[in-house]
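We will go stop by stop.

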Amino acid sequence: MSPAPAPQALSAPLVVEFPFTRSLGPVQSAFLTGLRERTVLGVRTERGQVLVPPVEYDPETAGELRDLVQVAETGTVTTWAWNPEPRRGQPLATPFAWVLVRFDGADTALLHALDAPGPDAVRTGLRVRVRWAAERTGAITDIACFEPHDSAPDTGPTTHDGRFDDPVSGIVAPARLDYTYTPGRAQSDHLTALTDRRIVGERCPSCHKVYVPPRGACPTCGVATTDHVEVGPRGTVTTFCIVNIKAKNAMNDAIEVPYVYAHIALDGADLALHGRIGGIPYDQVRMGLRVEPVWTDGARHPDHYRPTGEPDADYDTYKELL
Amino acid sequence: MAPSRDVAIVAFAQSDHRRRTDELSEVEMVMPVLHEVLRRTGLKTADIGFTCSGSSDYLAGRAFSFTMALDGVGAWPPISESHVETDGAWALYEAWVKLLTGESDTALVYSYGKASPGSVRDVLSRQLDPYYLAPLWPDSVALAALQAQALIDAGDTTEAELAAIAARSRDAATTNPHAQLPGARPHGDHVVAPLRTGDCPPIGDGAAAVVLAAGDKARELCERPAWIRGMDHRVEAHALGVRDLTDSPSTRLAARRAGAFDRPVDTAELHAPFTSQEVVLRKALDLDDSVRVNPSGGALAANPVMAAGLIRLGEAAARVHRGESDRALAHATSGPCLQQNLVAVLEGESHVR
């Protein structure tokens with residue numbers, strides 16, 4: 001008989017997605033509202049420089065900046081980089097140049113995309129102008145991109161009070177990152193065993209504690225846990241809480257509140273794991289209750305734990321696991 | 001200003017840096033490195049006065065991963081511990097300050113980066129200004145390429161010179177058993193022009209750790225400690241368009257405050273993930289051809305994000321330990337286009353040689 005092949009490291013797609021809602025200071029609000037109105041604003045520093053994009057505080061002195069000016073929608077490329085393969089979320093879907101553009105009337109440059117036929121059409125010093133987005137909401141993406149524009153540099157900045165009707169006070173910045181999650185050796189072994197409805201922990205070679213689920217290291221000794229140890233299936237409720245808030249997660253939709261969520265020390269484990277308790281009214285669950293897992297088809301983890309009917313465990317048998 | 005107490009790096013260890021480590025969780029990747037660095041000093045976790053780590057959960061998309069990595073230290077009963085969400089070089093800085101206060105005589109510093117589960121070019125765009133930059137998703141190569149073009153326009157370098165930096169770094173890495181990209185390889189096509197594949201760091205996973213010790217404790221733990229003669233870190237203005245991308249005044253200021261210009265160094269480990277950034281750093285640090293730059297191969301040979309800066313300090317210290325350097329400069333960077341920079345000066349005592 002040939003030995004069983006080592007289990008493959010597991011992997012699964014993982015998407016981390018979150019919309020950040022951010023409030024704007026007075027200068028940022030004026031600038032982004034200005035873009036919505038096809039107006040480019042800068043701010044004058046204490047030294048008299050015009051910053052575009054404008055900031056709330058002086059990068060040199062940290063002084064509060066409120067002296068807004070309007071600059072032209074034309075400018076000059078101060079450096080560039082040709083992007084042959086645009087990535088998700090970037091301003092243009094076809095190859096483009098990243099550019100820093102100093103607007104006419106500004107002393108600093110703004111990062112954006114330049115729509116150009118190819119790298120040969122781009123150089124530092126190129127004259128460009130804003131191509132406005134058709135729909136504008138008060139965001140940096142109200143500038144769709146820049147485009148080459150043969151023009152003489154415009155005159156200097158003009159004063160602007162920064163006042164617009166219905167100014168934007170915040171932005172929602174969605175962020176999405178895609179990962180391929182790999183849980184590593186110890187957790188892969190644990191998850192693989194669960195497919196056979198076996199709960200397998202790992203023992204610390206130094207202090208001999210059995211960790212379930214294992215994470216690969218003993219947090220007390222700082223060494224790798226190595227020996228596989230099958231634990232349970234029965235265990236003891238060490239402590240619990242009564243949940244009265246219905247979860248929004250669709251997976252938990254069928255679970256009626258109140259229900260009991262418990263720490264369960266499986267027989268042979270030195271660390272309690274978490275699980276829901278079912279098959280008993282919520283107000284009859286108690287510390288020391290003996291429970292066993294209830295498996296359902298198609299699920300890797302036990303759906304919940306239910307009473308075994310055994311007498312309650314003596315407090316002294318689990319007090320170290322609280 | 002001279003530090004109030006003599007503190008040295010007394011041991012350094014690092015993993016082999018690899019493109020993927022699917023079979024390892026973060027703690028499984030970090031733990032062997034922690035064991036090795038402690039073994040080199042003979043110390044146990046319980047002997048360490050302070051532990052500080054550097055990492056970012058965004059790399060692997062794993063919330064609070066640093067708390068799980070701490071399992072590899074053996075942090076129970078609770079130890080004195082801290083974490084920075086940036087390169088481990090800044091964790092080393094925090095530990096150094098802790099030792100300077102006299103609150104502790106030894107410190108364990110470690111960091112790790114597991115970039116393989118995600119797309120690090122995009123992940124790093126999430127550290128940018130959320131109002132004006134992040135919505136455009138400018139990736140890390142694009143921002144470095146803007147800096148490279150500015151250097152070319154200013155006459156500070158050429159594409160050929162950048163290719164030579166890549167070739168020299170990867171050639172040096174042939175003597176570094178931990179390197180991910182040792183030896184010559186094609187310079188490749190433009191990723192974002194003017195930067196080609198060869199101008200960019202490899203993407204990969206890895207970990208590093210050092211032990212710091214003060215005074216006589218350092219002499220006891222290490223035959224030739226790498227004494228930290230000075231260390232400082234400085235940051236540039238936040239907006240890229242405000243900065244002169246061809247220079248790094250923050251590096252120069254940090255180096256001055258670390259004492260780097262008081263006497264020449266013989267070795268410099270520079271954290272320049274992109275070839276063009278070495279050009280900027282050489283200028284800011286006034287390094288001439290008498291200085292061995294990145295004998296380890298630098299970040300162009302292995303760039304585990306969040307550990308690559310700490311590795312520069314570790315590599316510089318290891319050369320002092322081995323008697324291959326008497327006075328070394330180590331540099332670490334964080335953020336786009338050398339946004340924030342840390343410089344340390346390490347020295348060995350001459351009588352030991």
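This is a predicted model: local features need pLDDT of at least 70, side-chain atom pairs count only at pLDDT 80 or more; totals for chains, interfaces and linings use all residues.

**Stop 1**

Contact here has a cut-off: two residues are in contact if their C-beta atoms, placed from the backbone, lie within 7 Å.

Residues are numbered from 1 along each chain as its sequence is written, while chains are lettered from A and ligands numbered from 1 in the order in which they are written.

Helices (H or I, at least four residues) and strands (E, at least two) are DSSP runs, numbered from the N terminus. Now turn the view to compare directions. At what angle do α7(B) and α10(B) pack? The angle is about 95°, and the axes are 8 Å apart. That makes α7(B) roughly perpendicular to α10(B). Angles under 35 degrees count as roughly parallel, over 145 as roughly antiparallel, 65 to 115 as roughly perpendicular and the rest as oblique. Axes are lines fitted to C-alpha atoms, for helices over the stretch in contact, and angles run from 0 to 180 degrees between N-to-C directions.

**Stop 1: the rest of α10(B)**

Select residues 275-285 of chain B. This is helix α10, and ten of its eleven residues are buried. A residue is buried if 20 or more other C-beta atoms lie within 10 Å of its own, exposed if 12 or fewer, and partly exposed in between; C-beta atoms are placed from the backbone. Among the buried ones are V279(B), V280(B) and L281(B). What covers the buried residues of α10(B)? The cover includes α6 (140-153), α7 (159-172), α9 (249-258), β9 (267-269) and β11 (327-334) of chain B. Step just past the helix to D286(B), which takes a positive phi of about 55°.

**Stop 3**

Select residues 308-321 of chain B. This is α11, with 14 residues. At 1.5 Å a residue it should span 20 Å, and its end C-alpha atoms are 19 Å apart, which agrees. The expected span is 1.5 Å times one less than the number of residues. Is α11(B) enclosed or open? 14 of its 14 residues are buried, so α11(B) is largely enclosed by the rest of the structure. G323(B) follows α11(B), with a positive phi near 80°.

G88(B), A89(B) and L92(B) in α4(B) meet G309(B), L310(B) and L313(B) in α11(B). This contact has four nonpolar, two polar and no charged residues.

**Stop 4**

Most residues other than glycine have a negative phi, and most peptide bonds are trans. Here are some exceptions.

- Select W137(B): its phi is positive, about 50°, although it is not a glycine. W137(B) is in the loop between α5 and α6 of chain B. It has 19 C-beta neighbours inside 10 Å, so it counts as partly exposed.
- Select N294(B): its phi is also positive, about 50°. With 25 C-beta neighbours inside 10 Å, N294(B) counts as buried.
- Select W76(B) and P77(B): a cis peptide bond joins them, with omega about -5°.
- Select G232(A) and P233(A): a cis peptide bond joins them, with omega about 5°. P233(A) is in the loop between β14 (227-231) and β15 (235-243) of chain A.

**Stop 2: where the chains touch**

Show both chains. 56 residues of chain A are in contact with 50 residues of chain B. Which element of chain A gives the most to this side? β11(A) does, with eight residues. The residues on the chain A side divide into 33 nonpolar, 17 polar and six charged.

Finish at A134(B), which touches A173(A) as well as residues of chain B including S125(B) and L128(B).

Technical notes: Ala, Val, Leu, Ile, Met, Phe, Trp, Tyr, Cys and Pro count as nonpolar, Asp, Glu, Lys and Arg as charged, and the others, Gly among them, as polar. Lists of a residue's contacts leave out its neighbours within four places in sequence.
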